[in-house]
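Biologist: I have the file open. Can we go through it piece by piece?
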Amino acid sequence: MMELWQSFVLGVNELMPWFDGNVAAIVIILIKAVALIMPLLLTVAYFTYAERKVIGYMQLRIGPNRVGPKGWLQPIADALKLMTKEIIFPSKANIYLFLLAPILAIAPAIAVWAVVPFDEGIYVTNLDVSLLYVLAIGSIGVYGIILAGWASNSKYPLLGALRSASLLVSYEIVIGFALVTVVMIAGSVNLNTIVADQQGGIVNWYFIPLFPMMIIFFISALVETNRAPFDVVEGESEIVGGTHVEYSGMTFAVFFLAEYANMILMAVLAVIMFFGGWHSPFEGLGVLESVFAWVPGIVWLLAKSTFFMFLYLWVRATFPRFRYDQIMRLSWKVFLPMTIIWIFVVALMTQLHIGPWFA
Amino acid sequence: MSSEQIIFYILSFWFIASSLAMIFARNAAKAVLFLVLGFFSAASLWILLEAEFLAITLILVYVGAVMVLFLFVIKMLNIDKSTLRAKFAGYLPLGLIVALIIIAEMTLVLGGAQFGLEVMPSPAKHGADYSNITVLAMQLYTTYVYPFELAAVLLLIAIIAAITLVHKNEINRKKQSISEQVNVKAKDRVRVVSIASPSKENK
């Protein structure tokens, strides 16, 4: 196997000398990407199933239970249905931009995962500015929604796109400021360093000194991913389906995938920033630590993220939709001043060397 | 040619092509998208120069915020292209003169005499542990801390000035009291009136 691999690498290097013999590195990156994207898409598929089931039980229904045992094959059936459906192009729509919009939505939603650390040393790339990368690439996703609204040549999508553009831009600022406090404690914008800095049990996790920031981050994440109760972008009762009105078949499915991939990313980010990433919650607890020492870090990360993903569904089943202007007020007049005040609080805590976080 | 050179030429080609496409695009929204592509190419070139912090900031600020607002405004305005192109021929000589002056200036300032390999040798490659953001922060917060903070204050003044200009006229401003809206009771908004229904005998 190794000999075959080496002869393959040598052969490719001879065929393509301009890669400076880096073909092996490129192939490994591609393999890593596939190993990341396949489970991600599978998670997205079963997250939609979980959403329908969870909300179903919360509303005293059963949810999907016809396709396969207990409805387990429902997401597969949905995917097949969407793939075989016709893609309808609105008349006088800008076809290029109309098709570019879903691509611009899904590409950043997947590219962001390149820097997410799943365990010590398990990542696609260890970028030194990975937190900024997440924010920068995440902010590109808004183009998908804006273009979808504009290129559809239709009233409701345009209104949805206008709403989403203003919402996403304002809440990006809030998320940025909330994460500045995390960067201040960790002293780094590298996600690996941020998680490594939270080692040593629950008391070392950042959600204790940054509790208000954690709440603000989660609520802002709901807005960024267009989730209830902030889903005014596609509010059914007001603007039918917002930016997705004119999309059908696979083009709609791609938007759907992007939205759910972003939701999972925000859940994982919340864990990385505030809940110790891959660290076990039993660290520094004597017997419990040694009992759970065999559990790999990625399991803890995924378990903690699952809780936040469940929180998304819980919130959706619980709260009615916010009014549009109240969401804007929440961002600019409540969250933004709070985050700026907390930056000063964190600076003070750093100067006074409080707790295990600022030692 | 090394792989780095190939990547450099591809990115430079994209940068120039998207910039030209942006200028010649007939549709304003498409022009904005080509400009976004141009920003991406520039950011990628900076990453090639090991300036990853600047590259990411370019995308975060310009692509993520400024261009979104551009697109936002373009969508809401109904741009009439015929009025924009009406005086094109009249302004052409003046435009050409300005363009020529700018090209001449740029060749003088950015030409080989100032930025050639003899004057500025290509920077040494750093190892994997080199942190561009740390180096930049050390410079920004020690050597250049006063200019840096002055720039920040200048931006703050600009924000305050813009808001003051918009809010000059108190009369035209629409305001809502959130606490009033939240504390509203049903009896404040709905008046239940009991009307005596006409009896059936009167019909």
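Biologist: Which residues have the most contacts inside the largest nonpolar core?
Modeller: They are A:Ile146, A:Ile264, A:Ala270 and A:Met273, in a core of 115 residues. A nonpolar core here is a set of buried Ala, Val, Leu, Ile, Met, Phe, Trp, Tyr and Cys residues joined through C-beta atoms within 7 Å. Buried means 20 or more other C-beta atoms within 10 Å of the residue's own, exposed means 12 or fewer, and partly exposed is in between, with C-beta atoms placed from the backbone.
Biologist: Which helix gives this core its largest share?
Modeller: Helix α11 of chain A, residues 249-274, with 19 residues. Helices are DSSP runs of H or I with at least four residues, strands are E runs of at least two, and both are numbered from the N terminus.
Biologist: What about the numbering and the model itself?
Modeller: This is a predicted model, where local features need pLDDT of at least 70, side-chain atom pairs count only at pLDDT 80 or more, and totals for chains, interfaces and linings use all residues. Residues are numbered from 1 along each chain as its sequence is written, while chains are lettered from A and ligands numbered from 1 in the order in which they are written.
Biologist: New topic. How many residues does each chain put into the contact between A and B?
Modeller: Chain A gives 22 residues and chain B gives 22 residues. On the chain A side, α5 (130-138), α6 (141-151) and α7 (155-186) each supply at least two residues.
Biologist: What is that side made of, by class?
Modeller: The side of chain A that touches chain B has 16 nonpolar, two polar and four charged residues. Ala, Val, Leu, Ile, Met, Phe, Trp, Tyr, Cys and Pro count as nonpolar, Asp, Glu, Lys and Arg as charged, and the others, Gly among them, as polar.
Biologist: Last one, the backbone. What is the phi of A:Asn226?
Modeller: A positive value of about 60°, although A:Asn226 is not a glycine. Most residues other than glycine have a negative phi. A:Asn226 is found in the loop between α9 (211-224) and α10 (236-239) of chain A, and it is buried, with 23 other C-beta atoms within 10 Å.

Note on methods. Contact = placed C-beta atoms within 7 Å.
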